[in-house]
Amino acid sequence: MSDWHIAAALRRRGWADWQQDIGLSLLVAAAVVLVHAVQGFPRIFGPNADNDSLMRMVEVLDFLSGQGWYDLHQYRMGPEGGFLMHWSRFVDAPIAALLLLAKAVTGSMERAETIVEIVYPALLMTVALFLLLRLVRRLGNAEAMLPAVVIGALALYNLPLFQGASLDHHNVQLILVLAAILFLMSGGGRRLAGFGAGVAAALSLVVGMETAPYVALAGVVAAIAFLFQGDAEQSPAAGFGAGFAIVSLLSFLATVPVSLWGAPRCDAFTLPQMSIAALAGGGLFAAASVPACRASFGGRFLSLSILAAAVAALVFFAFPECIAAPYAGLDPKLKAYWLDAVAEAQSIRQVLVAQPAMAAAYYCTPLLAAFVLGLRLCKSGLGREELVFGAFLIMAILVSFWQVRGVFFSIPLSVVPLAAWVGDWRARIGDRPAKGDAVRLLAVWLVSFNVVWSTAAQSAAHLFAPDKAPDRGSSKASCVSRSDYAALSALPHATVLAVSNLGAQILRYTPQRVLAGPYHRNVEGDLATLNAFTGTDAEARDIVRRYGVTVVASCPGNDETESLAKRAPDGLVARLAKGEVPAWLVPLPSTADQPLKLFHVVQR
């Protein structure tokens, strides 16, 4: 057979693999939607405590109602005039487009919202699973594809990223990081692959700063490959640098208004991030493109060292405030009362102490996947693709040790080595089965499922410490359902004083404005609410008068209410939870039997 015929056969096989992966991903996503439908779409028509997804829909609806593309203020939250959110319109845009399309078909924005809350996460899950399958094809054999579908489907299903009404940006970031990894693993002299990796890395950073560790790692991977491989990795390195710099600059122009070009913010894609990306990406492109810089190892080392020093100097001298921890500047009282209680911001130490069963669910499969990948590297040598993927898996695990939200990346990434591991065992048994191999294969299958570790840990926790078993009380009492806000929605225009956990729900389900919300830029509103609920009666009345509060909302069953009541047993939040109403508040009788209690302010 001629080389031409072999190449054509390989192209047909590659296209067939793509079709199969797309089809399998669509089938899995459809099956997940069906499961949610059988359950009644609980997160859409029932309790939904996902504040960020609720706020995302509020932001998109505000945009469709006429708020400017560059105007990211949330005017109905915080002090008068609101505050500037740190999210990206790049996530708002596709959701808004789907809403307009669904509204054009159904004629109703309310029905359009429901359709988008079902379809949008399902589409993202399809893309995420497709990328995982492509990664498994690079690291595994043909027998690994079935495990990839099954393990991947369960891993993604059990994450909150792709459930109904999941509009938060973490799912988009996961997809972009997976795409960057896949492009980097392609490498091998392909400039287009490097360019794609740079584009995906830049976009993930534009969407949110949470991916900064992965973006930095992507740049390091491209640079190190170029350093040691020279001409073989010149094109991917140049492509990565160009894609990263160009998309970063264009994204800055597309999302940051001219009035804020000189206002650096470390928690969103603004001047610091754009400047660093432009210098790092442009410098890598130059180092990989200029013959004198790339001709020898010494030249490459010198040029990359100069680039690293320039980037470090830019960070340390121009934007030193961005070196600190993300919330280093947060008011100490807000940090103690609010941030330290945010589940996504907990460290592995905090999770192990407070919820060891949850730690098993979050960390066992990623650590097992890293161990399996390490064994493979030891047995088969240092393969380029394994090294690239392993670097990202380790980074995801380290990030998850720092903050729990890192598991949104480490758990999906663990699917790839575990699926390849199961595939190796399936192939081994098929070739030369031995006694006990079936049992071993079953064990390998089981330990690759995150849900198995989670179930085992929960069972062990209940067996050895039944008093510490998780409270499975009614989520209805937490005020996370649309129906809980019917009475508040029916009131005339009001400014509401409520714990920050209820801020997003109030904006999503009512036309009212609220003083507090779980967003670190709303410092004034959150601090005022915290002082009102935990301080003296005189402090509460003063804050209510100063901010024009007309309604106070109390949800005794909400976690934040319970936490604040324990910290300040004589504060307003604790008194209202116990039914002790101060003279300057009048209960709204219609909410007496509702989880959300409302009180009119009568003396200010």
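Select helix α11, residues 271-289. Helices here are DSSP runs of H or I with at least four residues, strands are runs of E with at least two, and both are numbered from the N terminus. The expected span of a helix is 1.5 Å times one less than its number of residues.

The model is predicted: local features need pLDDT of at least 70, side-chain atom pairs count only at pLDDT 80 or more, and totals for chains, interfaces and linings use all residues. Residues are numbered from 1 along each chain as its sequence is written, and side-chain values use heavy atoms, with hydrogens and water left out.

**Around α11**

Stay on α11 and colour its buried residues. Buried means under 20% relative accessible area, exposed means over 50%, and partly exposed is in between (1.4 Å probe, protein chains only). The buried residues of α11 include Pro272, Gln273, Met274 and Ser275. Further along the helix, Gly281, Gly283, Leu284, Ala287 and Ala288 are among the buried ones. An α-helix has 3.6 residues a turn, so residues three or four places apart point the same way.

What covers these buried residues? The cover includes α9 (212-229), α10 (234-255), α12 (291-294) and α13 (297-318).

**Helix α8 and Met209**

Next select α8 (191-207). This helix has 17 residues and reaches 24 Å from its first C-alpha to its last, close to the 24 Å expected. α8 is mostly covered, with 13 of its 17 residues buried.

Now pick Met209, in the loop between α8 and α9. Met209 has a relative accessible area of 18%, so this residue counts as buried. Contact means heavy atoms within 4.5 Å. Leaving out residues up to four places away in sequence, Met209 touches Gln173, Cys266, Asp267, Ala268, Phe269 and Gln273. Show Trp87 as well: its C-alpha atom is 9.7 Å from that of Met209, and the two residues are 122 residues apart along the chain.

**The disulfides**

A disulfide is a covalent bond between the sulfur atoms of two cysteines. The rule applied here is a pair of cysteine sulfur atoms within 2.5 Å. How many disulfides does this rule give? The count comes to 2.

Select Cys266 and Cys322, which are joined with an S to S distance of 2.0 Å. The angle about the S-S bond is -80°, and the link is left-handed. Cys266 is in the loop between α10 and α11, and Cys322 is in the loop between α13 and α14 (332-337), so the pair ties together parts that are 56 residues apart in sequence. Cys266 is partly exposed at 32% relative accessibility, and Cys322 is partly exposed at 27%.

Move to Cys479 and Cys555, joined at an S to S distance of 2.1 Å. With 100° about the S-S bond, this link is right-handed. Cys479 lies in the loop between α20 (450-464) and α21 (486-490), while Cys555 lies in the loop between β5 (551-554) and α25 (559-567), 76 residues apart. Are these cysteines buried or exposed? Both Cys479 and Cys555 are buried. Counting bonded cysteines along the chain, the pattern of the disulfides is 1-2, 3-4.

**The sheet**

Display the strands β4, β3, β5, β7 and β6. In that order, these 5 strands form an open sheet with mixed pairing. Two strands pair if DSSP finds at least two bridges between them. Which strands are at the edges? They are β4 (513-514) and β6 (585-587), each of which pairs on one side only. Zoom in on β6: 3 bridges join this strand to β7 (residues 597-601), and the two run antiparallel. Pro587 stands opposite Phe599 in β7.

**Aromatic rings**

Rings of Phe, Tyr and Trp (its six-membered ring) pair if their centres lie within 6.5 Å; planes under 30 degrees apart count as stacked, over 60 as edge-to-face and the rest as tilted. The count comes to 13 aromatic pairs. Select one of them, Phe252 and Trp261: the ring centres are 5.9 Å apart and the planes are at 40°, so the pair is tilted. Phe252 is buried at 3% relative accessibility, whereas Trp261 is partly exposed at 34%. Then select Phe228, Phe297 and Phe301, which form one aromatic cluster.

Finish with charges over rings, where NZ of Lys or CZ of Arg must be within 6 Å of the ring centre and within 35 degrees of the ring normal. The charged end of Arg300 sits over the ring of Phe226, 5.9 Å from its centre. Arg428 lies over the face of Trp425, 4.1 Å from the ring centre.
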